[in-house]
Each structure stands twice: as structure tokens, then as C-alpha cells.
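I opened my notebook to jot down what I could look up in this structure. Here is the model I worked from.

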Amino acid sequence: MIGKQQFRLLVLPGDGIGPEVMREALRVVEWIGQYAEVEFTIRHALAGGAAIDAYGTPMLDETIEQAMHADAVLFGAVGGPRWEKLGFDLRPELAILRLRRELSLFANLRPVTVFDPLIEASTIKPEVIRNLDLMIVRECMGGLYFGEPRGIETMQDGQMRGFNTETYSTVEIERVARVAFDLARHRRRVVCSVEKANVTESGLVWRQVISKLHERDYADVELRHMYADNCAMQLVRNPKQFDVIVTGNIFGDILSDLASMLTGSLGMLPSATIGVPRGDRFVPAVYEPIHGSAPDIAGRGIANPMAQILSVAMMLRLSFRMEREATLVEQACIAALAAGARTADLAAAGEKALSTWEMGDAVLHQLEETAGKRQLTA
Ligand code: IPM
Ligand code: MN
């Protein structure tokens, strides 16, 4: 008998609601393992504030090492008021920033998909968002987050001065743009590149490099350019004009939070952080919800686990090539929502809100249902 296929998974729940939503995601992972008869070898490690408290550093080198040797990293969220006073070399956020950088994961994929049952949960009018399906490709190894010089200095007159640098080079722009163009080829073939070429040199280089690459290798895809401020406005005015958006680190961070509200809640958006694929798989890669650790609601068991569960679906698809199972998880999430399952962030006034655990139950229940039906028709 051939042994089961094996995948090594590193789980980093992090802080705040991270561990709460991760618990539900792992129930889904376990279910899929049994259903698909694959073996997930799961290791857990501390990251962010939890690691600072335990080891005095947001991420041990050993954990980075483990991540490098894993097939995928499932990440929760990091940060919280407890650790806000620490220096940048010690902050919880450094955990995710180090992972992205040291694993050479330069593209952060943030799909903005509006699920029909949630049309009413969004603050935007139904006709504006119905069937919305766009993808934000955020560069995440460069730009303002990592540019040098950076620092805080005291000037001669005693004033403080904080400074950061936005930089983008040809290679950095081309590799993330390729991810966007390649994705667009499997979608509606439109890429919108977003920067501030009207005021920044890095934006101007971004625009020129993408245009050249487009001409050279991707003439079959339509390329549009947009300034970041206009893009923010267009995302709210008419988001369906977009197919794939490609942008730098800081604009991608901001625009993806904005776009998440089109789907009903920040608690709905998953993400995948990928680098150069190994064969047809992205290994290693990091999968995480785009929401943060939400210290205001942490510990109460009311957080929405959907973004973390949908991140599992992205992992199944991109790192493990389990397309069938990825779709199964996504369908189960939609079915749970269609059946009325709502955590507090999604519930209308007066509507019953489920706990994090109950929402996990609702998804697992739908997984059982769908899998059962499939077996009958198989
Ligand atoms: C995100 C988060 C991170 C970021 C933080 C936690 C460093 O906001 O993934 O969007 O700014 O990239
Ligand atoms: Mn963010």
C-alpha cells in the first residue's frame, strides 16, 4: 500500500483573537485530512507578543527555520496594546514581517469576494457589490515597510523627526507584477497598477517598469494605471471595474482593509503570501487573515473565524494543489452563511450572533453535508 501524502504545517496562532480563530481553522484542517486521506503533520510555535512574553523576542530564529522547512505556515494575528511601547526591533509585528522577508515571500494575495448571503451585511449598496470578485496583489517585501534609511532623530532645536523611505527597484516590481499578470490570465485579464507616480519617484519607476514588462510579456492582458487615492475612491464607487489590482506594500495594506468592508466585514478576508513557486506549488507560503489581533474583543469567543478558515482554503489550493478540497471549504463557508450563521461582526441589529466556536461548528456541519451529497452523486 502506498503511504498517505504528507504535508508539514507550521501553525503560529499569535495574539489576541489569533488563537481563537486558529482553533476553528484547525478543526477544518483536521476534517480535510480525514476526508482527503492526507496527513498533515502540525507543529505549533509562538509568534508576536506571545513569543515576546515567553522568549523576549517576537520570533525565534528556530521558528523561522521551521517555517522554511514547512510546506505551509498558517498564521493568526499578532500585536496588542501590551507591547505597543516596545521598539521596532522588538514589536510583535516583526514576527510576520520577518516571515515575509526571510522566506522571500514578496506577493501577498488578498481576494475580495462578496458572498451572496452577506450582501446585506456590507455597508455598501447591494447593486454595487453583488458578485464582486477582485484580487489585490500587494508587494510585501519592500517599499515603505523596509526602505532605508529609517529612524527617529532629535534635531538641533530639540524637535523629534521620524523618517522612512519608500523604495522600489526593477526586480522587486517585475516579480510581483508577474504574479498579478499571471493571475489575470486565469481571470478577466485586466490588471490595474496602483501608485502615486504623480508625486513619488518610486511610483514613477513602478509605473515605467510595469508598462515595459507588460509590453514585453503580457500584451494579452489589459493594463491600467491608477493613483492610489483615486483607487480608494473607485473601490467604494464602483469596485466591479477591477479584476486584479497590483500595488506596493503600504497602499496594499490600506486598500485591502478598505476593500474588506465591501464583503461585509474585515473578518471575511483571507490572504496568501507567496514567493517563487516550487514546481506547481507555492512552498513555503504563509496563510493568514488580513484582520489583526483585535485586542478589544480578544478572549470573549466572539471573533469571526471565516477569514482564517478561508485562508486554509487558499493553502489547500496554492501550496497543496488540493483544488477540490479548497472549493469544498469555500462552499461550506458560503453554505453556513446562507443558512444564517453570523458572528457579531456580520449580524444585523437584533439578529442572533454565534460564537467563534459555533461558527466553526456551522462550517463543519456544512462540510459534512456537502461531502455526503458528493458521495451520493459520485
Ligand atoms: C497586514 C497587517 C500587517 C501589515 C501588520 C500586522 C504588520 O496589517 O497583514 O495587513 O501591516 O502588513
Ligand atoms: Mn493590514
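I started at proline 284, which sits in the loop between strand S11 (270–274) and strand S12 (286–289). Helices (H or I, at least four residues) and strands (E, at least two) are DSSP runs, numbered from the N terminus. The bond joining valine 283 to proline 284 is a cis peptide bond, with omega about -10 degrees. I found another cis peptide bond between glutamate 148 and proline 149, where omega is about 0 degrees. Proline 149 is in the loop between strand S5 (133–139) and strand S6 (151–154). I noted these down because most peptide bonds are trans, and most residues other than glycine have a negative phi. Arginine 189 is not a glycine, yet its phi is positive, about 60 degrees. I found arginine 189 in the loop between H6 and strand S8 (190–195).

**Ground rules**

This is a predicted model, so to speak of local features I need pLDDT of at least 70, and side-chain atom pairs count only at pLDDT 80 or more, while totals for chains, interfaces and linings use all residues. Residues are numbered from 1 along each chain as its sequence is written, chains are lettered from A and ligands numbered from 1 in the order in which they are written, and side-chain values use heavy atoms, with hydrogens and water left out.

**Two domains**

How is the protein divided? I have domain 1 as 1–106 + 275–378 and domain 2 as 113–263; the bounds come from an automatic or database domain assignment. Their centres, taken over C-alpha atoms, are 24 Å apart. Contact (heavy atoms within 4.5 Å) involves 14 residues of domain 1 and 17 residues of domain 2. About 1,500 Å² is buried between the domains, with carbon and sulfur atoms giving 75% of that. Buried area is the accessible area (1.4 Å probe) that two parts lose on being put together, summed over both. Arg101, Phe106 and Ile290 supply 42% of what domain 1 buries against domain 2, more than any other three residues.

**A salt bridge**

The salt bridge count is 21. I looked up arginine 178 and aspartate 217, whose side chains meet at 3.0 Å, N to O. Arginine 178 is in helix H6 (residues 170–185) and aspartate 217 in helix H7 (residues 201–217), 39 residues apart.

**Ligand 1**

Which residues surround ligand 1? I listed Glu93, Ile96, Arg100, Arg110, Arg138, Tyr145 and Asp253, each with a heavy atom within 4 Å of the ligand. A side-chain N or O atom of arginine 100 is 2.8 Å from an oxygen atom of ligand 1. For aspartate 253, I noted 2.9 Å from a side-chain N or O atom to an oxygen atom of the ligand.

Technical notes:
Polar contact = N/O pair within 3.5 Å; in protein donor to acceptor, adjacent residues only side chain to side chain. Salt bridge = Lys/Arg side-chain N within 4 Å of Asp/Glu carboxyl O.
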